[in-house]
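Reader: I am new to this structure and would like to learn how its features are read. Could you take me through them one at a time?

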Amino acid sequence: MHIPDGFLSTPVWATLDVVSAPAVAWVARRAQRDTQDHRIPLLGVMGAFVFAAQMVNFPVGPGTSGHLVGGALLTVVLGPAAASLVLTAILVLQALIFQDGGVLALGANVFNMALAGVAAAYLSYRLWGQASRSGAIFAAGALSVMTSACLALGQLLISGVPMTGGVFWASLGLFVVSALMEGAITVGAVRAIERLNPAWVAGPQPASSRTVAGVALAALLLVVLGTLIASVAPDGIQRLTGQGVDSTSWPQRTMGGLAGIAMIFALCYLGGKLKSRRRSA
Amino acid sequence: MHHLVIDRWSRGSSSLHQRDPRAKLAALLVFLIVLSTTRPAAQWAFAAYAIMLIIAVHSARLPILGLAGRAALVLPFSATFALLTWWSGDTLRALALAEKSFLSGMAALLLVATTPLTGWTAALESWRAPRMLILVIQFVYRYLFVIAEQAQRMRWAAVCRGSHKTGGFRLATGLVGVLFARSWQRADGIYHAMLARGFRGRFVPAAPAPFRAADALFFSACLAGCLAVRILL
């Protein structure tokens, strides 16, 4: 789901542009570090491949068909940093040349699909890859689509695009269906690729830090869920404090939120320090 | 499908085509930001933005209907939400939603229809966009139609062999797998061709054209026009 320009409110698109720009720079640096010269054309051609593979229709059940979205497939084949970079390149081209997604909304679309979507795919592949490979790839495809779609829906709702309850639940149902389709298609495509040459698909990394991957995936899904809940019931905090928060302007609220995050980060950091000191003592 | 019509448009020679890509990209961002922050009630402002775009398209000697048709690709999505907004009783907002998304698409299209891909990617690179991202964008664009055509041929071949009767999920995954394999081999071939032509890990761009007074004037005019409409109307 590509968000066009004109849908997101200024604070939403501006924040996501500011968040996505350095994140893409970081991803590009990582991809550059991991990539040998001969992989540079490969990344580009894989982007073109995803574009083309989206044209192939998959029959899924009677009368319905879907197509590959490709985020999870790229993650499994190229690794997370390169997959993120390729998806970002695709989104830039779609926004400018194919009128699919807006230019100011590019930060939001990159965040939803190239960053959060790839993160969900990578973490699920890493978490469950050792236990059941096909299951992990299915989860990677399904969760990446679900994450991107729910984030986009949340951003639209936070921006004040009106939506009745019926439409909201209908779109959630649609997301679940397309997420399951993406999972099935990704598993099928990876199997077909492996039949041709098993070396093309990297195996899941050794599960040295499964807890970290599990916690990170849980955190990501919590953020997605939180975004949805916050967008449906934005007055929750007001109800808690019993006073209107809306009287303050959005920079003030943003600063308040950032200060809160900084405080939580400081607490976690201190906790970690104490724990590691106790362990080394 | 061979050559995107935008490619042909972008090789024009009007004064708008000759402006520096950096000036055009900056003007696009100003236009989009001003458009995005316009209140729904200011309907005259939207008309003024549309007139500004029409003047620009005319001075670039591009077909206005062709551009509008391509920009209209966004309308199915925005019309759905505009209808929802209209039902919830906010007519002005519904109108603004459709207008904003259409005008934004039109403005972005105007940039790529007057600037070749190498132009706007060079502008992005001069603004410190990661080089790796620029490289990938250029490669994706270069091979997009090559691989899409291959996919199309494979689909026809499958249909000719009776895929519509027997084909199913397995056939589609097989198609994607073979397409993947061919893309991978093509990438190998491309790399070796690049090495044979002296590639040493980076592309040497042509010396960038200097930023002229006319470019600065063009950007200032766009900035002044957008701000005037935004504040006055």
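Reader: Which residues line the largest cavity?

Author: First, a word on conventions: this is a predicted model, in which local features need pLDDT of at least 70 and side-chain atom pairs count only at pLDDT 80 or more, while totals for chains, interfaces and linings use all residues. Residues are numbered from 1 along each chain as its sequence is written, chains are lettered from A and ligands numbered from 1 in the order in which they are written, and side-chain values use heavy atoms, with hydrogens and water left out. As a general idea, rolling a probe the size of a water molecule over the atoms shows where empty space is left. On a 1 Å grid over the protein atoms alone, a cavity is a set of points where a 1.4 Å probe fits but cannot get out, and lining residues have an atom within 4 Å of a point. Here the largest cavity is lined by P4(A), D5(A), A95(A), Q99(A), G101(A), G102(A) and V103(A), together with V74(B), S101(B), S104(B), G105(B) and A108(B).

Reader: What volume does the largest cavity have, and what classes of residue form its lining?

Author: Grid points are joined across faces, edges and corners, and a volume is the space filled by probe spheres set on the points; for the largest cavity this is about 80 Å³. Ala, Val, Leu, Ile, Met, Phe, Trp, Tyr, Cys and Pro count as nonpolar, Asp, Glu, Lys and Arg as charged, and the others, Gly among them, as polar, which gives a lining of five nonpolar, six polar and one charged residues. Helices are DSSP runs (H or I, at least four residues), numbered from the N terminus, and helix α7 (residues 91-114) of chain B gives the largest share of this lining, four residues.

Reader: How many residues of chain B are in contact with chain A?

Author: Contact means heavy atoms within 4.5 Å, and 69 residues of chain B are in contact with 64 residues of chain A. Buried area is the accessible area (1.4 Å probe) that two parts lose on being put together, summed over both; between these chains it is about 5900 Å², of which carbon and sulfur atoms give 83%. M132(B), F180(B) and W184(B) supply 13% of the area that chain B buries against chain A, more than any other three residues.

Reader: Which residues is R70(B) in contact with, leaving aside its neighbours within four places in sequence?

Author: R70(B), which lies in helix α5 (residues 64-71) of chain B, is then in contact with I97(A) and Q99(A), and also with L4(B), V5(B), I6(B), W9(B) and L109(B).

Key
1 Å grid on protein atoms, 1.4 Å probe; cavity = no way out; pocket = protein on both sides within 12 Å on 5 of 7 lines; lining within 4 Å. Helix = DSSP H or I, 4+ residues; strand = E, 2+ residues; numbered from the N terminus.
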